[in-house]
Amino acid sequence: MTSCLEFRSLFHAGTNDPALLGHLRSCDPCLDYAAHLDPDVMFRAIGGEDLVPPGGVDAFVEDVMRAVHVRSKEDVVESHHVLSWPRRLAVAATIAASVVGGTLVFEHERQPLPAAVQVAAVTPRPAVAQVKLTTKPVVETYSSANATIVEVPSESAGDTTKIVMVIDDKLPADL
Amino acid sequence: MAVELRLMIPTRQAEPDDRELVQTIREGDELAFEQLVRRKTSKVYALCYRIIGNAEDAKDISQLVFIKLWENLEKYDPTYAFDTWLYRMVTNVAIDFMRNKQSRENAVNSNLRLVKTEAEADQGVLVQRKEIEQVFEDVSACLSPKQKTIFVMNQMDDLPSSEIAKILGCRESTVRNHLFNARKSMQVQLQKRYPEYARLWSAGSVE
């Protein structure tokens, strides 16, 4: 421990002696003395000692370790989400097997069938009773002195269908 | 008949050094990491506090440093001193924080400090450590985060410029330049806002 007397006899501008700086940092009168000789030491007086964070070292360390645990758990969860190499290989093999299998089945179906099978395939099926589709007019008879009949011209020469529009103000709404 | 006598003296197991601790942590020992955090907390916090100048922010930044340390421990090369690597991490995180903070505040406080009158200044000044802390916080607001970091490491942590250059990954001449400019800027600020201390400083040999 340096005394004030020793400090004042040993101190000189630009000193880096840890013992002198240590004294400087704990003694205001000597700091005042030194600052007049070497103003650079003025701010040096601030440093030199380790500080304790608010709440103390124990609480600080506890907070850090808690944060580290949280990070570690996050990393574990992330690594579970990412597939490992054997799993990736297994997935790749399954996909490849599906593609190859599907291609083989498809190619097999595209090959021409044997003759016997072809004959069987073209044998006509028994005729199903055909139902003749006819159109039935909704209005069978209609007479009106005010009606205007417009015939829509057919689009092609061979078309025998006639489309007729009947315009009549007095036509009942439910007709 | 020869008799061998063995003296059984209980010896206290020596504390592992930083490199050994890091090796143990890399092998998955979380308790070793806790030990390392406990060992370095005061140093890391002190450096953060002196750079940042605010206890709560310094605490948050220190915690962030240790979390980054945990995440990047694999990158540490044991051929270098652990403290140099740790200090580099501290300064990077603290400088980033200061830059963001400066861009937010844009040195709002720089002109709010009450300037002592010439008359008061003439009455002389007794340099007191407690007040110097406040003076430093005020006048160092004009420094860039890097300048302040270098000034703090050199003047308060007593690190030589060669060591600071290693920590910051720059040349020693760059560190000396930053120191010179930091002193110059602080002297101007001191003159403007604390003339009583500035008279003192200008009386001495400021480069």
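Colleague: Which residue follows α8(B), and is its phi positive or negative?

Modeller: In this predicted model, the phi of the residue after α8(B) is near 65 degrees. That value is positive, and the residue is G169(B).

Colleague: Which residues of α8(B) are buried, and where on the helix do they lie?

Modeller: Burial here requires 20 or more other C-beta atoms within 10 Å of the residue's own. In α8(B), I164(B), I167(B) and L168(B) are buried. Seen down the axis of α8(B), these buried residues fall within an arc of 85 degrees, so they line one face of the helix.

Colleague: How is α8(B) oriented relative to α9(B): roughly parallel or roughly perpendicular?

Modeller: Helix α8 of chain B spans residues 161-168 and packs against helix α9 of chain B, residues 172-193, with axes 8 Å apart. The angle between them is about 105 degrees. Because angles of 65 to 115 degrees count as roughly perpendicular, α8(B) is to α9(B) roughly perpendicular.

Colleague: Which residues of α9(B) make the contact with α8(B)?

Modeller: By class, this contact has four nonpolar, two polar and two charged residues. On the side of α8(B), the residues are S161(B), S162(B), I164(B) and A165(B). Those supplied by α9(B) are E172(B), V175(B), R176(B) and L179(B).

Colleague: Which helix gives the largest share of the side of chain A that touches chain B?

Modeller: Between the chains, 32 residues of chain A are in contact with 37 residues of chain B. On the side of chain A, α3 (28-37), α4 (41-44) and α5 (57-81) each supply at least two residues. The largest share, nine residues, comes from α5(A).

Colleague: How many nonpolar residues does the side of chain A that touches chain B have?

Modeller: By class, that side of chain A has four polar and eight charged residues. Its nonpolar residues number 20.

Technical notes. Residues numbered from 1 in each chain as written. Chains lettered and ligands numbered in written order. Predicted model: local features only at pLDDT ≥ 70, side-chain atom pairs only at ≥ 80, totals over all residues. Contact = placed C-beta atoms within 7 Å. Helix = DSSP H or I, 4+ residues; strand = E, 2+ residues; numbered from the N terminus. Nonpolar A, V, L, I, M, F, W, Y, C, P; charged D, E, K, R; others polar. Axes fitted to C-alpha atoms, helices over the stretch in contact; angles between N-to-C directions. Parallel < 35°, antiparallel > 145°, perpendicular 65-115°, else oblique. Buried ≥ 20, exposed ≤ 12 C-beta atoms within 10 Å, placed from the backbone. Arc of directions from axis to C-beta.
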